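Colleague: Could you take me through one part of this model in some detail? I would like to see how the pieces of a chain sit against each other and against the partner chain.

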2 protein chains.
Amino acid sequence: MLGSPSIPPSARPVRSAQKGQHTKAVVVDAALNLATQVGLEGLSIGAVAELAQMSKSGVFAHLGSREELQISVVYEYHHRFEQEVFYPALKQPRGLPRLRAMITNWMKRTTVEIDSGCIFISGATEFADRPGPVRDALVKSVNLWHAAVHTAIAQAKQEGHLRADVCERQIAFDLHGMILALHYEARFLRIPGSIERARASFENIIARSAAPGTLTAPAARSRKRATPKTTV
Amino acid sequence: MLGSPSIPPSARPVRSAQKGQHTKAVVVDAALNLATQVGLEGLSIGAVAELAQMSKSGVFAHLGSREELQISVVYEYHHRFEQEVFYPALKQPRGLPRLRAMITNWMKRTTVEIDSGCIFISGATEFADRPGPVRDALVKSVNLWHAAVHTAIAQAKQEGHLRADVCERQIAFDLHGMILALHYEARFLRIPGSIERARASFENIIARSAAPGTLTAPAARSRKRATPKTTV
């Protein structure tokens, strides 16, 4: 189709660039689907070409190398994470409502990934000791998200929703642990009730850090649920 | 040396079996060292043979197959974990002192593994979707440890150190999250102060669940430290 006589010559480079972008997006999408299952290190140009129904040379032409493919997958994962977890939460008011929305979205995404996998988690074990641009891209991506969580916690302090003496990094560490335990216990150990336990963890972390009078009736109900007997 | 004329014939089978056991232990030790760096799936008979300074056929003779080697590595890891983390804690009195010792030893082991890796964590991502005997051995091993943690928490309730209404599974989930966050943030993200944050998390979990009057002066001091400002 590209360069067909029906397309005016002036439009050709634009169409060509668009098609190139589209093809690259198809390849990266196939690679991301594969990487969530087998890890970034499990990616091969051959397997991705097969999934994207392209030739190996076609994949090389659009991505350059396996390493560039891995980095593109990290960026694409980051982009989707932002779209699903971060941006929708920005519609909530600054402070505890926004922090609550961010963490709730993060938990939702983690529960979706129980059946697939998370390259922020598998990548952390694959690239713990492997310096280079893939590790750098992963660390940068995870750190950007953690910085957004710190900011949301700091804003919740500024708004008077969390106590002034709580440590942003400590709360962020505890929230990260809650997500990692949810992923591990639900995905690997397949323990029923892991999602309810993650929610209870979240409520406990917030309850410990909340300014007096912040937790209104619905939150107080959540506090009561924070050690669910039914999920044992 | 084996079967040398200086050894009485009756002693030969015993010596031979002992030597076999010793050689197997050398191979499994080399394989475990390698697996902590590259994961269980990164193990190859060739690489292990080189590390153990043996022939490939020698490794096959003692371990049978790559899968059997992987399973032996899981059992050996489990054995060392028990020796370092579980058994020393049994010397402490039942209840909170024993639970505290178990979790402190677990954190110590996790900090040692910041420079190497943990096959309970890397294995969970490698074998999340791979059914088979290696996954089964890993799940069994992790579940045995988690059951020991549940028991210690239940005993702390029985001894009146933790409140009767707290949920063992919830506390175990939170403790697991604390360990996973420590490993991720110290090993992959290399964030300074991760160990102090893990300790503060632990004290917060215990403080939330402690029966009134359980936390004596030293524990109360720990509680004060639970949101360290200096580690930000």
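**A close look at chain A**

Modeller: Happy to! Chain A is divided by the domain assignment into domain 1, residues 1-64, and domain 2, residues 74-224. Please keep in mind that this is a predicted model. Where the two domains of chain A meet, eight residues of domain 1 are in contact with nine residues of domain 2. The domain 1 side of that meeting place is made up of four nonpolar, three polar and one charged residues.

Now for the chain as a whole. Chain A has 10 helices and zero strands, so if you trace the elements from the N terminus, you read α-α-α-α-α-α-α-α-α-α. Of the 232 residues in chain A, 41% are buried. Among the contacts in chain A with a separation of 6 or more, 59% are between residues 24 or more positions apart.

Let us zoom in on helix H3 of chain A, which spans residues 56-63. Its buried residues are A:Val59, A:His62 and A:Leu63. These three lie on the same side of H3(A), because they cover an arc of only 80° around the axis. Just after H3(A) comes A:Gly64, with a positive phi of about 90°.

What about the interior? In soluble globular proteins, nonpolar side chains tend to be buried together. Here the largest nonpolar core has 120 residues. The residues with the most contacts inside this core come from both chains: A:Ala31, A:Val48 and A:Val73, along with B:Ala31, B:Val48 and B:Val73. You can follow A:Ala31 as an example: leaving aside residues up to four places away in sequence, A:Ala31 touches A:Leu43, A:Val48, A:Leu69 and A:Val73.

Finally, the partner chain. Between chain A and chain B, 39 residues of chain A are in contact with 39 residues of chain B. On the chain A side, at least two residues each are supplied by helix H6 (119-126), helix H7 (133-158), helix H8 (168-188) and helix H9 (194-209). The most comes from H8(A), which gives 13 residues to the side touching chain B. Sorted by class, the side of chain A that touches chain B has 17 nonpolar, 13 polar and nine charged residues.

How values were computed: Residues are numbered from 1 along each chain as its sequence is written. Chains are lettered from A and ligands numbered from 1 in the order in which they are written. This is a predicted model: local features need pLDDT of at least 70, side-chain atom pairs count only at pLDDT 80 or more; totals for chains, interfaces and linings use all residues. Domain bounds come from an automatic or database domain assignment. Two residues are in contact if their C-beta atoms, placed from the backbone, lie within 7 Å. Ala, Val, Leu, Ile, Met, Phe, Trp, Tyr, Cys and Pro count as nonpolar, Asp, Glu, Lys and Arg as charged, and the others, Gly among them, as polar. A residue is buried if 20 or more other C-beta atoms lie within 10 Å of its own, exposed if 12 or fewer, and partly exposed in between; C-beta atoms are placed from the backbone. Helices (H or I, at least four residues) and strands (E, at least two) are DSSP runs, numbered from the N terminus. The arc is that of the directions from the helix axis to the C-beta atoms. A nonpolar core is a set of buried Ala, Val, Leu, Ile, Met, Phe, Trp, Tyr and Cys residues joined through C-beta atoms within 7 Å.
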